[in-house]
Amino acid sequence: MKNISWWKWLGVILIVYTFLAGMLVPLGHGIVEINPRSVKTGEQAQFTLVGYNSHYEQDKDGLRAWLKLDDEHAIGAKEIRVKGDRILELDFDIPAYLPVSKRVQDFSLILDSETDGTAVLPTAVLVTQDSIDEEKGVSAWKNSAITGLTVTTGMTFPFRAIIYETIRNTYFHVALWLSMMLLFIAAVVYSIRYVRDPQPIWDSKARAFTSVGLFFGILGLVTGMIWAAYTWGKPWSNDVKQITTAIALLVYLAYFILRSAFEDPEQKGRISAVYNIFAFVLLIPLIYVIPRMVDSLHPGAGGNPAFGSEDLDSTMRMVFYPAIIGWALIGAWIANLQYRMDAIREKWIENLD
Amino acid sequence: MKKIIFLTLTLNLLLSDVLFAQDRTPDFMRSVGKMYVVVAVIVAVFLGIVLFLTYLDKRLTRLENQIHDNDQKQ
């Protein structure tokens, strides 16, 4: 027990923490469905709402709801009837005009519950108007300010209503990609060291970290496909990030094919070290640049494919960042076993001569 | 071995989709707020780690055999 380095234990502790916190912290109150999705101005609209992780029966008097355009334009619900812990009926008097000079405008629905906290459904309802009068609209939609929202702790219900509990995959799928990046960085550092000082240990360390990095990348791809099958509808949608990461993984796969082509260890080490540096240089545009330039199904499409504050709240960050470090340490452990094995072979061959 | 795991997984996914296509109620994977998708992801990660360990085990066995054979020759 004592001869296991501290960082390996740290990796295990962080992953156990990730599993426990990642699975046990409950998801906040959310809105799953609202019906109808489109109404006309001047109507007395009645909506049926389905909630998630909600306890509306316990909270009959503490419920408030708004249709919201932006921070200044919103109307409150006239009446809210509780039909069950997860089902509500909402009555809204839609004003005669919209606060915009467009025929159709989408509004998000905000539901505040004193027991469960606040839930938001973006683009919940489309409102259509026949004639346009922005001024009248603005004054009508100013009628109720959204104040005193209940603040709750815990994981926020995901902003996109297709995600549900699968937001927890962030600690596995996303964290695996980021720790893959850390492992590839370690590999490229050892490759550079080998180029400067061709010791066999640098080559076997670079090889070990690259193999674990590639393994984490494949796991990232597989977990992403499972996740996509139940959120985007199919495992492979030719999304830009799916394609570019698949290319990046093929580039790294070629590293191992290249290695197997050389018999002489020095030649093998030198050429594969240089190739590894090139592969890393190629990885950056493939994973971080191209997906930002085009539309993607991944969060924050077109502009920023990374996670924003909408997707990752402060509770999740407390699990997500340790998860990245934990997976990277576990990966480093597997790499460690590999290069120690290589060192034994090296020593054995030396003793034979 | 890998092929068998892959085939059973794909078959499972396909079957569940076909069986529940007409139903309005969510299928097993989509029930309980799609929680089982997270379970599937964790199982996939674990199986991946096991496969990688098997590969490492094979390499280690090869090295052991090499050393062992050589010792016997001497």
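This is a predicted model: local features need pLDDT of at least 70, side-chain atom pairs count only at pLDDT 80 or more; totals for chains, interfaces and linings use all residues.
**Entry 1: a proline in a loop**

I started at Pro36(A), which sits in the loop between β1 (30–35) and β2 (38–40) of chain A. I checked the peptide bond between Asn35(A) and Pro36(A) and found it cis, with omega at about -5 degrees.

**Entry 2: the next loop along**

Next I went to the loop between β3 (44–52) and β4 (63–70) of chain A, where I found Asn53(A). I looked up its backbone: phi of Asn53(A) is near 50 degrees, a positive value in a residue that is not glycine.

Lys60(A) belongs to the loop between β3 and β4 of chain A too. Which side chain does Lys60(A) meet in a polar contact of 3.4 Å? I found that of Glu57(A).

**Entry 3: stepping back to the whole of chain A**

I went through the secondary structure of chain A and got seven helices and nine strands. Chain A splits into domain 1 (30–141) and domain 2 (164–352). How many Å separate the centres of these two domains of chain A? Over C-alpha atoms, I noted 45 Å.

Then I looked at overall dimensions. Along the principal axes, the C-alpha atoms of chain A fill a box of roughly 90 × 45 × 30 Å. The radius of gyration of chain A is 27 Å, whereas a compact globule of 353 residues would come out near 20 Å.

**Entry 4: where chain A meets chain B**

My last stop was the contact between the chains. I find 35 residues of chain A and 28 residues of chain B taking part. Together, chain A and chain B bury about 2800 Å², and 75% of that is on carbon and sulfur atoms.

I then went looking for polar links. Between chain A and chain B, five residue pairs are in polar contact, both partners at pLDDT 80 or more. How many salt bridges does the rule find across this interface? I have one in my notes: Arg59(B) pairs with Asp342(A), and their closest N and O atoms are 3.0 Å apart.

Which helices of chain A each bring at least two residues to the side that touches chain B? I listed α1 (6–24), α4 (200–231) and α7 (314–352). The largest share of that side, twelve residues, comes from α4(A). Sorting the residues of the side of chain A that touches chain B by type, I wrote down 23 nonpolar, six polar and six charged.

Key: Residues are numbered from 1 along each chain as its sequence is written. Chains are lettered from A and ligands numbered from 1 in the order in which they are written. Side-chain values use heavy atoms; hydrogens and water are left out. Contact means heavy atoms within 4.5 Å. Buried area is the accessible area (1.4 Å probe) that two parts lose on being put together, summed over both. A salt bridge is a side-chain nitrogen of Lys or Arg within 4 Å of a carboxyl oxygen of Asp or Glu. A polar contact is a pair of N or O atoms within 3.5 Å; within protein, one must be able to donate a hydrogen and the other to accept it, and residues adjacent in sequence count only if both atoms are side-chain atoms. Helices (H or I, at least four residues) and strands (E, at least two) are DSSP runs, numbered from the N terminus. Ala, Val, Leu, Ile, Met, Phe, Trp, Tyr, Cys and Pro count as nonpolar, Asp, Glu, Lys and Arg as charged, and the others, Gly among them, as polar. Domain bounds come from an automatic or database domain assignment. The radius of gyration is taken over C-alpha atoms; the globule rule is 2.2 Å times the number of residues to the power 0.38.
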